[in-house]
Amino acid sequence: MFEPLHFVWLAISAVLITVGVILAVKKNLSLNGALTIFCVICVLSEVVKIFYVLIRKERFLFKDNGEFLGAYIKETDLPFHLCSMQIIFSFIARFTKSEKVKNFCITFMIPTGLIGAIAALFIITVPTVFTNVRTYQYVLYHAGLVWISIVLIFKKKERLDIKAFFKVIIGLFVAAIFAIYINGLTQNTNFLYVSAPPMEGLPVLNMNNGYLCYFLSYMGVAVLLLLIFFLPFIIYYKVKDKKQ
């Protein structure tokens with residue numbers, strides 16, 4: 001983390017996001033148009049990830065006698081992290097007929113996608129080299145997630161007010177419970193980082209004082225980050241409503 005090449009990837013991500021947002025504004029991209037583009041990015045990202053992991057021999061399974069059983073992706077490659085979950089929400093938001101469901105998915109995606117993707121780009125979990133296909137997939141997907149989150153802020157139909165804040169908190173809590181169950185089933189994953197910190201040496205988010213302290217700190221940091229994100233919008237709508 002924060003090696004010279006890491007800063008290069010951060011710079012590339014910043015350029016891609018900036019150019020993408022400017023083009024979306026200039027072309028007056030529609031809500032469904034933006035979601036469609038991101039869905040395409042999701043599909044391409046998953047195709048690259050799946051084929052990358054399947055062609056590597058450590059993903060092959062054999063019987064004790066050497067007979068080949070097949071190629072499988074690992075549990076850790078399933079789309080159940082906060083960022084990869086956005087694939088599910090983006091497809092639901094794009095193709096659902098229910099405006100209520102669409103609005104909830106978009107409201108949930110904006111803060112969680114933005115915060116999660118920025119954190120993923122700074123706390124990068126793949127090699128920061130230019131010869132690894134997975135690095136391109138990781139960086140481009142998370143840059144795309146930051147892009148769609150920013151674009152959705154301008155294209156959303158539902159207000160990012162105090163009600164939206166609590167909707168996201170509830171949604172995140174449900175996702176955390178879901179992740180705890182999935183982690184328990186596999187006992188080899190750490191989706192949403194509810195089982196352990198994303199990496200060693202992090203301030204606050206560590207096991208120095210035991211798991212319970214980590215989990216409560218993790219939840220507290222998540223709520224605080226969401227509150228920081230929502231606060232300007234909450235204040236804006238409070239002032240706006242008073243003037244009307």
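User: In which loop is glutamine 187 found?

Analyst: In this predicted model, glutamine 187 lies in the loop between helix H6 (162-186) and H7.

User: What is the phi of glutamine 187?

Analyst: The general idea comes first. Most residues other than glycine have a negative phi. In this structure, phi of glutamine 187 is near 55°, a positive value in a residue other than glycine. Glutamine 187 is also exposed, with a relative accessible area of 70%.

User: Where is asparagine 28 placed, and is asparagine 28 buried or exposed?

Analyst: Asparagine 28 sits in the loop between helix H1 (4-26) and H2. At 60% relative accessibility, asparagine 28 counts as exposed. Its phi is near 50°, which is again a positive value in a residue other than glycine.

User: How many helices and strands does the protein chain have, and what pattern does the chain follow?

Analyst: The protein chain has seven helices and two strands. Read along the sequence, the pattern is α-α-β-β-α-α-α-α-α.

User: How is the overall form of the protein chain to be read from its radius of gyration?

Analyst: One sets the computed value beside the value for a compact globule of 244 residues, which would be near 18 Å; the protein chain has 19 Å, and the two agree. Along its principal axes, the C-alpha trace spans about 75 × 45 × 40 Å. As for the surface, the protein chain exposes about 13900 Å², of which carbon and sulfur atoms supply 70%. Of the 244 residues, 41% count as buried. A further view comes from contacts between residues at least 6 apart in sequence: 68% of them join residues at least 24 apart.

User: How far apart should the ends of helix H2 be?

Analyst: The reasoning uses 1.5 Å a residue: on that basis the 24 residues of helix H2 (residues 31-54) should span 34 Å. The end C-alpha atoms of H2 are 34 Å apart, which agrees.

User: Which residues of H2 are buried, and against which helices do they pack?

Analyst: The buried residues of H2 are Leu31, Ala34, Leu35, Phe38, Cys39, Cys42, Ser45, Glu46, Lys49, Tyr52 and Val53. They pack against helix H3 (82-95), helix H4 (99-122) and helix H5 (133-155).

User: Which residues does isoleucine 148 touch?

Analyst: Not counting residues up to four places away in sequence, isoleucine 148 touches Ala34, Leu35 and Phe38. Isoleucine 148 belongs to helix H5. At 0% relative accessibility, isoleucine 148 counts as buried. Isoleucine 148 and phenylalanine 230 are 82 residues apart in sequence, and their C-alpha atoms are 17 Å apart in space.

User: Where does the kink in H4 lie?

Analyst: A kink of about 30° lies at methionine 109 in H4, shortly before proline 111. From its first C-alpha to its last, H4 reaches 34 Å with 24 residues, close to the 34 Å expected at 1.5 Å a residue.

User: How is a pair of aromatic rings described?

Analyst: Such a pair is described by the distance of the centres and the angle of the planes. A search of the whole structure finds 16 aromatic pairs. One of them joins phenylalanine 91 and phenylalanine 95, a stacked pair with 6.1 Å centre to centre and 25° between the planes. Because these two residues are four apart in helix H3, phenylalanine 91 and phenylalanine 95 are separated by about one helical turn. Phenylalanine 91 is partly exposed, with a relative accessible area of 31%, while phenylalanine 95 is exposed, with 53%. Phenylalanine 229 and phenylalanine 233 form a tilted pair, 5.4 Å centre to centre with 40° between the planes.

User: Why are phenylalanine 229 and phenylalanine 233 separated by about one helical turn?

Analyst: The two residues are four apart in helix H7 (residues 211-243), so about one helical turn separates phenylalanine 229 from phenylalanine 233. At 12% relative accessibility, phenylalanine 229 counts as buried. Phe165, Phe166, Phe229, Phe230 and Phe233 form one aromatic cluster.

User: Where is phenylalanine 62, and which residues does phenylalanine 62 touch?

Analyst: Phenylalanine 62 is in strand E1 (residues 60-62). Not counting residues up to four places away in sequence, phenylalanine 62 touches Glu67, Phe68 and Leu69. At 47% relative accessibility, phenylalanine 62 counts as partly exposed. The C-alpha atoms of phenylalanine 62 and isoleucine 22, 40 residues apart along the chain, are separated by 50 Å.

Definitions and conventions. Residues are numbered from 1 along each chain as its sequence is written. This is a predicted model: local features need pLDDT of at least 70, side-chain atom pairs count only at pLDDT 80 or more; totals for chains, interfaces and linings use all residues. Side-chain values use heavy atoms; hydrogens and water are left out. The expected span of a helix is 1.5 Å times one less than its number of residues. Buried means under 20% relative accessible area, exposed over 50%, partly exposed in between (1.4 Å probe, protein chains only). Contact means heavy atoms within 4.5 Å. The bend at a residue is the angle between axes fitted to the seven residues ending there and the seven starting there. The radius of gyration is taken over C-alpha atoms; the globule rule is 2.2 Å times the number of residues to the power 0.38. Accessible areas come from the Shrake-Rupley method with a 1.4 Å probe; for residues, only the protein chains shown count as cover. Rings of Phe, Tyr and Trp (its six-membered ring) pair if their centres lie within 6.5 Å; planes under 30 degrees apart count as stacked, over 60 as edge-to-face and the rest as tilted.
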